[in-house]
Amino acid sequence: MSKSVFVVCISLLVVLTPTLHAKMVSYPNGDRHCAMAQGQVISACLQLVNGLQHADCCYAINDVNRQAETQAARIWLCKCFQEVVKLSQFTKLIGMPEKCDIPNAVPFDPKTDCASIKV
């Protein structure tokens, strides 16, 4: 997939998610919900490079973590973000939950043992 098509797809997910009132982490192992969670965080955090506030990125990360209310949802969120941070353009997301000082946040780190994540 070309980079511009990817950016358009992510942008559409970010715009449509609030409209659809979708709970992004409500269905563990749901690829569609993983893409929406990734899209929300990626769009906010990649824009950070373009001069947007650090708070936009932290708000998006806090939002997807807040919606992961069960252990299964938190494990799923961990696995979801492990996939995206393996891509070179998204490695800057590694450690962002900690940098944002979000209590009990699911880490965005490919080295994390997702099965050990608790509520």
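Modeller: Let's start with the salt bridge rule: a side-chain nitrogen of Lys or Arg has to be within 4 Å of a carboxyl oxygen of Asp or Glu. This is a predicted model, where local features need pLDDT of at least 70, side-chain atom pairs count only at pLDDT 80 or more, and totals for chains, interfaces and linings use all residues. Residues are numbered from 1 along each chain as its sequence is written, and side-chain values use heavy atoms, with hydrogens and water left out.

Colleague: What makes Arg74 a residue with no salt bridge?

Modeller: Lys and Arg count as positive and Asp and Glu as negative, while His and the chain ends are not counted. The nearest side chain of opposite charge to Arg74 is Glu98, 9.3 Å away, and the limit is 4 Å, so no salt bridge is assigned. Helices here are DSSP runs of H or I with at least four residues, strands are E runs of at least two, and both are numbered from the N terminus.

Colleague: Which residues does Arg74 touch, leaving out those up to four places away in sequence?

Modeller: Among them are Asn65, Ala68, Val106 and Val119, a contact being heavy atoms within 4.5 Å.

Colleague: Why is Ala68 called buried?

Modeller: Buried means under 20% relative accessible area, exposed over 50%, and partly exposed in between, with a 1.4 Å probe and protein chains only. Ala68 has 6%, so the label is buried. Ala68 sits in the loop between helix H3 (54-67) and H4.

Colleague: How do you know that Asp63 and Arg66 form a salt bridge?

Modeller: Their closest N and O atoms are 2.2 Å apart, so the pair passes the rule. Both lie in helix H3, three residues apart, about one turn of the helix. Asp63 is buried because its relative accessibility is 11%, whereas Arg66, at 53%, is exposed.

Colleague: And what makes Lys86 and Glu83 a salt bridge?

Modeller: The N to O distance is 3.7 Å, so this pair passes too. Lys86 counts as exposed because its relative accessibility is 54%. The total by this rule is two salt bridges.

Colleague: Where is confidence lowest, and where is it highest?

Modeller: pLDDT is the predictor's confidence in each residue, from 0 to 100. Helix H1 (residues 3-20) is lowest with a mean of 44, and helix H4 (residues 71-85) is highest at 91. Over residues 4-9 the pLDDT is below 50, and this stretch has two contacts in the model beyond near neighbours in sequence. The mean for the protein is 76.
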